[in-house]
Amino acid sequence: MFNEKRRAAWRPFWKIDRVSPARIIIFGFLGLILLGTALLMLPFSTREWGGASFFDALFTATSATCVTGLVVHDTASYWSGFGQLVLLCLIQVGGMGVVTVAVATFIFSGRRIGLKQRWVMQESISAPQVGGIVRMTGFILKTAFAIEGIGAAALAVRFCPRFGLWRGVWYAVFHAVSAFCNAGFDLMGREAPFSSLTAYAGDPVLNGTVMLLIVVGGLGFLTWQDVAAHGRHLKEYRLQSKLILATTAALLLSGFLFFLLYEFRLPQWVGMTVGEKALAALFQSVTPRTAGFNTVDLARMSAPSQLVTILLMLTGGSPGSTAGGFKTTTLAVLLLSAAAVFRRRRSAQCFGRRIQEPALQNACAIFLLYLLLFLAGGILICCIDGAPLMDALFEAASAIGTVGLSLGGTGRFSLPSRMILIFLMYFGRVGGLTMIYAVTAGNGTSAPQFPQEPVTVG
């Protein structure tokens, strides 16, 4: 009896029945961050022998695992080849999801996938049901690697002639994975530290490839499945996929028009050609979808454009994708619900379907939570380091949206401000509801129902 209890106590946490999927997800990401921190502290992880300090390694590992892209050291000039490989692995696993990779390991090893693992996988990728989840995992992996491979081949066309064969291939693979996983890490700092892709502002091949990788990675695994299964027959798509595609297209188009018609007509961009301005406007509309690359100096942008970028970063990508943010579906549900109120309808409707009430409740909770943490983080950073409020809010939005865009203040922030950014990156990647469900007990179904009483709002 004693031995049985002892064996039960030492079972892995993901096999203990009382551990919820939410807790497995947050502990999985936490474990990966700590492993990455330990590897980045090794003496040969940096170009100068000795390794990174604990807090620098922790910040970088969190940023890579949470596919954010905020850095305190330039990736190319500070980290060695081994350190860059560690970052690439953290980005890949963090982007695909710790649980997805774990289940894939079970599949390839031939081990049986139990109901518990399927349940956790369902929560991880926001799947509607447990059935077919293993087949879905295989589809995700094959599709992701195929897209990254195609992206790497396209980027190699630009990088190999400039950097040589082997270095060009490494750059192509690294940036393809970083773009698809919406991470924003780059290796362009050997020529100009923290320059990102500014040297390629007028290159349509590189810009187009990176933008496509970002958008596809941010659409979500379930949307991929709909596209693969139904192609151009949009009526056959899930309602979620329709909302994702419509909202994504609207955000990309509105952002592009704003940057093109306002920002890039300002005097500081007079040296750019019309084609370069159009390409930069489109790229600047795409990259806040939690990607973190930039082809222009963000610090030179006007205050309205920086604010629009903050709003795009907070929105982020879509559920079950490699992107962060409070998600496109959350924004869509809130806007549809507001439209229903204005039109005096009882429920939100779109594409011939009604939005369920729990979806609206979740959307309101997620939006409010992200907004409060974003504002609290930005204000705290402003108070601690005396940074301009816009810069502090920009960094906070970039962290909680897991974007990685920066106005140049990340490396100058003090340790308390960096710890705030670490928390925001972690929270933004695992998700607001996942974090809440992990720390609260029970499902709330047994709560007593009190009498209703009207409350006037507005």
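Student: How many of the 12 residues of helix 17 are buried?

Tutor: This is a predicted model. A residue counts as buried when its relative accessible area is under 20%. In helix 17, nine of the 12 residues are buried, so by that cut-off the helix is mostly covered.

Student: Which residues of helix 17 are buried?

Tutor: Ala 392, Leu 393, Phe 394, Glu 395, Ala 396, Ala 397, Ser 398, Ala 399 and Ile 400.

Student: What covers the buried residues of helix 17?

Tutor: The cover includes helix 14 (303-315), helix 16 (357-385) and helix 18 (415-430).

Student: What span should helix 17 have, at 1.5 Å a residue?

Tutor: The expected span is 1.5 Å times one less than the number of residues. For the 12 residues of helix 17 (residues 389-400) that gives 16 Å, and the end C-alpha atoms are 16 Å apart, which agrees.

Student: Where is Thr 402?

Tutor: Thr 402 is in the loop between helix 17 and helix 18. Just after helix 17, this residue takes a positive phi of about 50 degrees.

Student: Is Thr 402 buried or exposed?

Tutor: Thr 402 has a relative accessible area of 0%, so it is buried. Leaving aside neighbours within four places in sequence, its contacts include Cys 66, Asn 182, Thr 290, Gly 324 and Arg 429.

Student: What is the mean pLDDT of the protein chain?

Tutor: The mean is 86, and 84% of the residues reach 70 or more. Over residues 4-17, however, the pLDDT is below 50, and this stretch has 11 contacts in the model beyond near neighbours in sequence. Where pLDDT is low, the predicted coordinates should not be read in detail.

Conventions. Residues are numbered from 1 along each chain as its sequence is written. This is a predicted model: local features need pLDDT of at least 70, side-chain atom pairs count only at pLDDT 80 or more; totals for chains, interfaces and linings use all residues. Side-chain values use heavy atoms; hydrogens and water are left out. Helices (H or I, at least four residues) and strands (E, at least two) are DSSP runs, numbered from the N terminus. Buried means under 20% relative accessible area, exposed over 50%, partly exposed in between (1.4 Å probe, protein chains only). Contact means heavy atoms within 4.5 Å. pLDDT is the predictor's confidence in each residue, from 0 to 100.
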